[in-house]
Amino acid sequence: MLTRARATAAVAAALAAVAGAAPAALADGPGGGVSCGDYICEVEADSPGQADSATGSHAGSEPQDGSGRGTSSNPWTCTYVLLSPQPPATSLDWESHTPGDGAVYKQTCHYLDSLNTVTRNQWLANPPPTAAAVDPAVLAQRAVDTMKLAGPDVASPRADGKYLVGMPMWMWVNRSATTYGPNTASASAGGVRVTATANVSKIAWSMGDGTVVTCTGPGTPYTATAGKTDSPTCGHTYMRTSADQTGGRYRITATSTWTIDWQVTTGDAGQAGQLTETRQTQTQIPLTELQVLN
């Protein structure tokens with residue numbers, strides 16, 4: 001008869017063969033079987049009504065029976081501590097094994113990117129491998145990858161706008177979490193949780209006429225009361241038409257620099273650092289001369 005532990009090991013071995021890497025630990029996890037690799041554990045969900053619909057985690061600390069389980073791809077971070085002393089031979093923690101046949105560990109599992117935690121006693125046939133150190137900077141990058149940061153949402157200049165040589169052009173962008181910030185996300189692994197916050201620190205506007213204008217803010221929206229004055233925060237004045245440009249338009253590239261500050265919020269709290277990423281947006285605009293009738 002194929003036991004649950006052996007079935008879990010078989011599934012994990014198959015998954016490892018596909019992934020090209022051996023699992024770091026094999027055990028039963030919250031609500032069912034779990035195979036762990038690189039600190040990420042794939043857990044079997046409980047039957048409907050017992051599992052959390054969003055995470056697949058179980059509210060209790062004891063595993064459910066084998067009925068009604070279906071596989072899911074819910075990632076967990078699990079750590080193990082050998083119980084000392086070991087439970088008595090009569091304890092259900094031995095799962096029908098006898099003392100000396102494997103050992104019982106305290107299993108603590110955290111759902112990825114959440115504070116949902118399940119702790120219980122778990123029998124393992126073999127000791128789990130020693131966990132390698134988790135690089136917080138790698139977790140910070142993982143958090144950034146979930147933010148879906150984008151290039152500037154250019155409000156002005158517009159492709160359908162009308163612009164004149166010698167007239168001040170005001171440049172500004174619309175602000176949102178994905179195009180300007182702030183944008184915050186977290187990632188966890190190996191008992192370490194990192195929270196990262198991203199903000200645009202500057203936007204470099206390549207105007208297509210050889211000029212690059214760097215602005216440290218989103219720019220100031222133009223109002224009619226400003227007349228022909230220069231933008232107080234982000235602007236440019238073209239000195240020749242776009243007639244000689246491809247398609248008769250200047251190609252403008254706005255490149256935002258995202259500055260991402262991150263810090264460890266669990267585990268070795270206090271560690272912090274900074275990452276930088278860039279994103280681009282392009283637009284094309286026509287520049288004409290003002291025609292004066294005599």
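**Ground rules.** I worked on a predicted model, where local features need pLDDT of at least 70, side-chain atom pairs count only at pLDDT 80 or more, and totals for chains, interfaces and linings use all residues. Residues are numbered from 1 along each chain as its sequence is written, and side-chain values use heavy atoms, with hydrogens and water left out.

I took buried as under 20% relative accessible area, exposed as over 50%, and partly exposed as in between (1.4 Å probe, protein chains only). This core has 37 residues, and Met-169, Trp-205, Met-207, Tyr-238 and Ile-285 touch the most other members. At least two residues each come from α2 (136-145), β11 (183-189), β12 (192-206), β13 (212-215), β15 (250-264) and β16 (272-285). Helices (H or I, at least four residues) and strands (E, at least two) are DSSP runs, numbered from the N terminus. Another core, of six residues, lies apart from the largest one and includes Cys-78, Tyr-80, Ala-103 and Leu-124. In soluble globular proteins, nonpolar side chains tend to be buried together.

I then listed the contacts of Met-207 (heavy atoms within 4.5 Å). Leaving aside neighbours within four places in sequence, Met-207 is in contact with Met-169, Met-171, Val-213, His-236, Tyr-238, Tyr-250, Arg-251 and Ile-252.

**Entry 2, β12 and β13.** I checked how these strands pair, which requires that DSSP finds at least two bridges between them. β12 and β13 run antiparallel over four bridges, and Ile-203 has Cys-215 of β13 as its bridge partner. The two strands form a hairpin with five residues between them, and Gly-208 in the turn has a positive phi of about 90°. Val-213 and Cys-215 make up the covered face of β13, while Val-212 and Thr-214 are on the uncovered one. In a regular strand the side chains alternate between the two faces of the sheet.

Thr-195 also lies in β12. I found its side chain in a polar contact with that of Ser-186 at 2.8 Å. Such a contact is a pair of N or O atoms within 3.5 Å; within protein, one must be able to donate a hydrogen and the other to accept it, and residues adjacent in sequence count only if both atoms are side-chain atoms.

I searched for cysteine sulfur atoms within 2.5 Å of each other, the cut-off for a disulfide, and the structure holds one. Cys-215 is joined to Cys-234, S to S 2.0 Å. The link is right-handed, with 80° about the S-S bond. It connects distant parts of the chain, 19 residues apart: Cys-215 is in β13 and Cys-234 is in the loop between β13 and β14 (235-236). Cys-215 is buried at 2% relative accessible area, and Cys-234 is buried at 3%.

I counted a salt bridge where a side-chain nitrogen of Lys or Arg is within 4 Å of a carboxyl oxygen of Asp or Glu. The structure holds two. Asp-160 meets Arg-158 at 3.2 Å, N to O; Asp-160 is exposed at 61% relative accessibility and Arg-158 is partly exposed at 43%. Glu-277 pairs with Arg-279, with the closest N and O atoms 2.8 Å apart. Glu-277 is buried at 15%, whereas Arg-279 is partly exposed at 24%.

Technical notes. Core = buried A, V, L, I, M, F, W, Y, C linked by side-chain atoms within 4.5 Å.
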